[in-house]
Amino acid sequence: MIRVDSTVIDGFDADRFDTDRFEAGRNRLAALAYRLLGSATDAEDAVQDAFLRWQAADRRRIEVPEAWLTKVVTNLCLDRLRSAQARRERTVGAWLPEPLLAGDPMLGPADTVEQRESVSLAVLTLMERLAPLERAVYVLREAFSYGHAEIAELLDISESASQQHLHRARVRIAAARPRGGEVDPASARRIVEEFLAAASSGRTDRLVALLTDDATAISDGAGLAKTLLRYDTPQRIATIVRAGFKPTAAKHRLLGGSPAVHYALVNGAPAVVFVLGDEVVGTVAFDLADGRVATVRGMGAAARLGRLGEAWRRHEPDAPLIERW
């Protein structure tokens, strides 16, 4: 028997009540786990593990369920980041954040610039350079606005240690953060449409003009490459993009047909999404700076596109930029 709001609830109803309480906070926990891990799949696993621990716990002794669950999820994610398997996966050059379609609850909260930035593909990638505790402090502070006293209690560290971890994290991310900040939505779409038109037409000179001088491109090779493919000069990127965007019979056989190409927002960034029927078969996301493209991220590995594909099937997209690629 437990007492809630002066109402006595029997064991069965108490379990249902506590399950409902957990589910009410599931999206927040998933958003936290996604920022810590950069993987929606791993984030879902961490939240489910937290639910099992919640069910097994003596919940009468948990004074602040939100804090208890936040601590459990954070520690589960830290264990994952510190594991030998994660270190192998994230150091062999084959890791990219899992892309999410605009509106996915894992992208929240998104009220402030810091919250939106913390879930961008650029910052999720930069956070791979942080030690696990630095990453946890950065996420808890920047994305969820926890104070240092709260963070210290959640992570079992001192307040001064929390402040030091945050300072180091901010310095490391600021040093490598792409310039430019947030871009007007209409301008972002126009730049991406120009980029797509140049890539589709074979105008490599126009592609070079649309790229910043220090532009980079990263691709997972549609899941066929063992490591990420990286390019770092505008001329080289333009050549690779032109070849990548050129439709061929071999690519159509690999994809199973001719996909439509849609404009979308992925992790807050402008992107194009390749869709065959109702299946997402690839996405290319762009970081913009000074009216040009600073980073191109191409992802086609099925393992990275599962959640984005599920969201797309519930999505009502605009007319495609290209009906049949």
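Predicted model: local features only at pLDDT ≥ 70, side-chain atom pairs only at ≥ 80, totals over all residues.

Reader: Okay, helices then. At what angle do α8 and α10 pack?

Author: Helix α8 (residues 132–142) and helix α10 (residues 159–176) pack at about 90°, and their axes are 8 Å apart. Angles of 65 to 115 degrees count as roughly perpendicular, so α8 is roughly perpendicular to α10.

Reader: Which residues in α8 and α10 meet?

Author: From α8 you have L133, E134, V137, Y138, R141 and E142. They meet S162, H165, L166, R168, A169, R170, R172 and I173 in α10.

Reader: And what's the contact like by class?

Author: By class, six residues are nonpolar, two are polar and six are charged.

Reader: New topic: is the peptide bond from G108 to P109 cis or trans?

Author: That bond is cis, with omega near -5°. P109 sits in the loop between α5 (84–91) and α6 (113–117).

Reader: What about phi of A222?

Author: Phi there is near 55°, which is positive even though A222 isn't a glycine. You'll find A222 in the loop between β3 (211–219) and β4 (229–231).

Reader: Where does D290 lie, then?

Author: D290 is in the loop between β7 (279–289) and β8 (292–299). D290 isn't a glycine either, and has a positive phi of about 55°.

Reader: Is D290 buried or exposed?

Author: D290 has a relative accessible area of 59%, so it counts as exposed. A222 has 41% relative accessibility, so A222 counts as partly exposed.

Note on methods:
Residues numbered from 1 in each chain as written. Heavy atoms only, no water. Helix = DSSP H or I, 4+ residues; strand = E, 2+ residues; numbered from the N terminus. Buried < 20%, exposed > 50% of the residue type's maximum accessible area, 1.4 Å probe, protein only. Axes fitted to C-alpha atoms, helices over the stretch in contact; angles between N-to-C directions. Parallel < 35°, antiparallel > 145°, perpendicular 65-115°, else oblique. Contact = heavy atoms within 4.5 Å. Nonpolar A, V, L, I, M, F, W, Y, C, P; charged D, E, K, R; others polar.
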